[in-house]
Amino acid sequence: MSTELEAVLADIRACRACAGDLPHAPRPVVRVFPETRLLICGQAPGRRVHESGLPFTDPSGDRLRQWMGLDYETFYADRRIGVAAQAFCFPGTNPKGGDFPPPARCAELWRPRLLATLPRMDLTLLVGGYAQAWALGQRVKGNMTETVAAWRDYGPEILPLPHPSWRNTAWLKRNPWFEDEVLPYLRARVRAILKP
């Protein structure tokens with residue numbers, strides 16, 4: 001691993017910047033390698049990921065892997081696949097449902113430095129509205145649906161996706177174009193990036 005990437009990963013894993021704001025001890029979860037060419041940028045780890053320390057070890061991960069056309073083993077074994085969410089720690093559960101939003105502080109502290117050590121990305125998946133808003137800035141559309149619907153505007157380096165949470169099952173049914181148009185493109189890109 002490059003010394004620069006090693007250093008930033010060590011600093012991220014040691015980060016306690018949000019310790020007073022979280023309902024639990026910080027446990028930053030990030031998984032990238034010098035070989036990473038496909039970067040998955042979601043919102044923040046959920047409770048199960050906080051407990052496992054491994055990204056996407058939950059039903060959302062199962063759906064994301066299905067979208068990508070990958071099995072569990074390939075997803076975790078191929079170092080060309082990396083995961084670096086907007087926030088690296090689980091933000092806690094919102095009593096109204098779902099998790100709290102990712103604290104902006106995490107992305108501000110770490111994303112520019114981490115992304116500078118990963119200059120050779122072929123594709124970044126922006127999973128969910130928070131990731132899209134941060135990464136796209138002024139280029140983000142009015143809402144997540146409009147941003148994902150405009151996916152062709154961001155390629156070939158960026159592909160916005162809805163969050164693969166079960167909470168978005170109704171969204172997927174209302175927007176069949178996502179499965180018809182976006183998923184075949186996503187799977188083709190993944191195959192091309194991971195070809196031997």
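User: How many aromatic pairs does a search of the whole structure find?

Analyst: Rings of Phe, Tyr and Trp (its six-membered ring) pair if their centres lie within 6.5 Å; planes under 30 degrees apart count as stacked, over 60 as edge-to-face and the rest as tilted. The search of the whole structure finds 8 aromatic pairs. In phenylalanine 75 and tyrosine 76 the ring centres are 4.9 Å apart and the planes stand at 85°, so this pair is edge-to-face. Tryptophan 171 and tryptophan 177 also form an edge-to-face pair, because their planes are at 75°, with centres 5.8 Å apart. This is a predicted model: local features need pLDDT of at least 70, side-chain atom pairs count only at pLDDT 80 or more, and totals for chains, interfaces and linings use all residues. Residues are numbered from 1 along each chain as its sequence is written, and side-chain values use heavy atoms, with hydrogens and water left out.

User: Are phenylalanine 75 and tyrosine 76 buried or exposed?

Analyst: Buried means under 20% relative accessible area, exposed over 50%, partly exposed in between (1.4 Å probe, protein chains only). Phenylalanine 75 and tyrosine 76 are both buried. Tryptophan 171 counts as buried too, at 5% relative accessibility.

User: Which residues form one aromatic cluster, and what lies over the face of phenylalanine 75?

Analyst: The cluster is made of Phe56, Tyr72, Phe75 and Tyr76. A charge sits over a ring if NZ of Lys or CZ of Arg is within 6 Å of the ring centre and within 35 degrees of the ring normal. Here arginine 65 lies over the face of phenylalanine 75, 5.1 Å from the ring centre.

User: Where is phenylalanine 56 found, and what is its phi?

Analyst: Helices (H or I, at least four residues) and strands (E, at least two) are DSSP runs, numbered from the N terminus. Phenylalanine 56 is in the loop between helix 2 (47–52) and helix 3. Its phi is near 65°, a positive value in a residue other than glycine. With a relative accessible area of 11%, phenylalanine 56 is buried.

User: At what angle do helix 3 and helix 9 pack?

Analyst: Axes are lines fitted to C-alpha atoms, for helices over the stretch in contact, and angles run from 0 to 180 degrees between N-to-C directions. Helix 3 (residues 59–68) and helix 9 (residues 176–194) pack at about 80°, and their axes are 7 Å apart. That makes the two helices roughly perpendicular (under 35 degrees is roughly parallel, over 145 roughly antiparallel, 65 to 115 roughly perpendicular, the rest oblique).

User: Which residues of helix 3 and helix 9 meet?

Analyst: Contact means heavy atoms within 4.5 Å. Gln66, Trp67 and Met68 in helix 3 meet Phe178, Leu183, Leu186, Arg187 and Val190 in helix 9. These residues divide into 6 nonpolar, 1 polar and 1 charged (Ala, Val, Leu, Ile, Met, Phe, Trp, Tyr, Cys and Pro count as nonpolar, Asp, Glu, Lys and Arg as charged, the others, Gly among them, as polar).

User: What does tyrosine 154 contact, leaving aside its neighbours within four places in sequence?

Analyst: With those neighbours left aside, tyrosine 154 is in contact with Leu136, Arg139, Val140, Lys141, Thr147 and Pro160. Tyrosine 154 lies in the loop between helix 7 (144–149) and strand 4 (158–161) and is buried, with a relative accessible area of 3%. Proline 156 is in the loop between helix 7 and strand 4, and the peptide bond from glycine 155 to proline 156 is cis, with omega near 0°.
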